[in-house]
Amino acid sequence: MLSALLTACAAAPSAFPSYSDFAGGAYTVSYDARALTLNDDRAMFVSGAVHPPRGTPETWDSWFALARKNGLNMVQVYVFWNFHEPVEGQIDWSGRANLTDFVRRAASAGLFVNLRIGPYVCAEWTYGGIPAWLGLKPGVAFRQTNKIWQDAMEKWFALVVRRMAEASLFATSGGPIVLVQVENELQPTDKDYVAWCGAMAARALAAAGASVPVTMCNGETANSTINTCNGNDCSDFLEKHGQSGRILVDQPALWTENEGGFQVWGGAPPPGQEPYFWGRPAADQALSVMKWFARGGSH
């Protein structure tokens with residue numbers, strides 16, 4: 001079923017674009033209630049998640065080649081703060097940490113990029129990407145209204161945005177980055193912090209001369225950002241117009257994590273959790289994707 005969907009999409013390049021169609025010239029990214037838009041034309045994205053440090057520069061190109069071979073037109077990339085800045089003030093942007101090179105290679109393969117900066121990203125990664133040194137600062141409190149956390153978060157977020165902008169990797173400069181995510185799966189917390197996340201991300205983009213939509217996923221969402229879904233079936237998310245009440249009303253339906261499954265070696269499924277992280281067949285994942293697009297999803 002998914003193969004048929006991709007074939008149909010590929011037959012309509014204006015609706016299922018390749019980054020190669022836009023490379024080299026600035027283009028605008030916006031959205032309406034139905035989809036993200038590129039130069040005001042609605043677009044569909046089928047994306048796969050790839051994380052630079054989980055491979056090496058020698059393997060990255062093969063990832064992108066497989067993404068294209070399997071019909072994807074986008075990759076979404078988490079940025080691991082504690083991998084880039086293991087020691088405060090010492091930024092590593094080399095080898096497996098060379099995010100600029102990684103995004104350029106994705107572009108060369110004809111893939112758009114959804115840059116999920118966070119900086120908390122979860123991703124089954126140590127501390128969800130938050131540096132250990134930040135947790136040792138007296139008085140720090142993560143992911144809430146707290147000056148120590150917010151100052152450090154804003155500094156890091158702005159650095160990533162600035163480096164991507166300096167390399168002309170945002171759509172504003174003809175690059176492949178069409179979406180940026182701030183925070184990640186932020187459960188109910190103080191509303192001031194939620195609003196601050198949206199405003200901070202907007203400031204960072206504006207300061208770098210970049211203009212792309214900002215998302216927040218699976219939880220609290222600032223009014224200036226798009227609420228997106230994470231899960232193994234997001235049909236209910238659509239029926240409720242997302243957690244913000246705005247999805248398919250004045251914002252598009254974007255599914256940022258179709259969570260498949262894994263099994264710990266020698267483990268057994270916890271009772272009642274078998275369909276979620278244990279033994280979920282490909283057919284079930286394909287069905288959930290088909291339902292998503294049939295109901296109005298566009299990413």
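Cys-122 is partly exposed in this predicted model, with a relative accessible area of 24%. Its sulfur lies 9.5 Å from the closest cysteine sulfur, that of Cys-217, which is too far for a bond. The structure has one disulfide, between Cys-229 and Cys-234. A search of the whole structure also finds 17 aromatic pairs.

**Cysteines**

- The sulfur atoms of Cys-229 and Cys-234 are 2.1 Å apart in the disulfide.
- The angle about this S-S bond is -85°, and the link of Cys-229 and Cys-234 is left-handed.
- Both Cys-229 and Cys-234 are buried.
- Cys-197 is buried as well, with a relative accessible area of 0%, whereas Cys-122 is partly exposed.

- Strand β9 covers residues 226-231, and six of its six residues are buried.
- Cys-229, one end of the disulfide, points to one side of β9 together with Asn-227 and Gly-231.
- Ile-226, Thr-228 and Asn-230 point the other way from β9, and these residues are also buried.
- β9 pairs with strand β8 (residues 214-217) in the parallel sense, over three bridges.
- Within that pairing, Met-216 has Asn-227 of β9 as its bridge partner.
- β9 also pairs with strand β10 (residues 255-258), again in the parallel sense and over three bridges.
- Here Asn-230 has Glu-257 of β10 as its bridge partner.

**Aromatic rings**

- Among the 17 aromatic pairs of the structure is that of Tyr-19 and Phe-112, with ring centres 5.8 Å apart and planes at 75°, so the pair is edge-to-face.
- This pair links distant parts of the chain, 93 residues apart: Tyr-19 is in the loop between α1 (2-10) and β1 (29-31), and Phe-112 is in strand β6 (residues 112-118).
- Tyr-19 and Phe-112 are both buried.
- Phe-112 also forms an edge-to-face pair with Phe-45, at 5.3 Å centre to centre and 90° between the planes.
- That pair likewise links distant parts of the chain, 67 residues apart, with Phe-45 in the loop between β3 (41-43) and β4 (47-49) and Phe-112 in strand β6.
- Phe-45 is buried, as is Phe-112.
- Ring pairs join Tyr-19, Phe-45 and Phe-112 with Phe-22 and Tyr-27 into a cluster.

**Charge over a ring**

- The charged end of Arg-163 sits over the ring of Trp-93, at 4.7 Å from the ring centre.

How values were computed:
Residues are numbered from 1 along each chain as its sequence is written. This is a predicted model: local features need pLDDT of at least 70, side-chain atom pairs count only at pLDDT 80 or more; totals for chains, interfaces and linings use all residues. Side-chain values use heavy atoms; hydrogens and water are left out. A disulfide is a pair of cysteine sulfur atoms within 2.5 Å. Buried means under 20% relative accessible area, exposed over 50%, partly exposed in between (1.4 Å probe, protein chains only). Helices (H or I, at least four residues) and strands (E, at least two) are DSSP runs, numbered from the N terminus. Two strands pair if DSSP finds at least two bridges between them. Rings of Phe, Tyr and Trp (its six-membered ring) pair if their centres lie within 6.5 Å; planes under 30 degrees apart count as stacked, over 60 as edge-to-face and the rest as tilted. A charge sits over a ring if NZ of Lys or CZ of Arg is within 6 Å of the ring centre and within 35 degrees of the ring normal.
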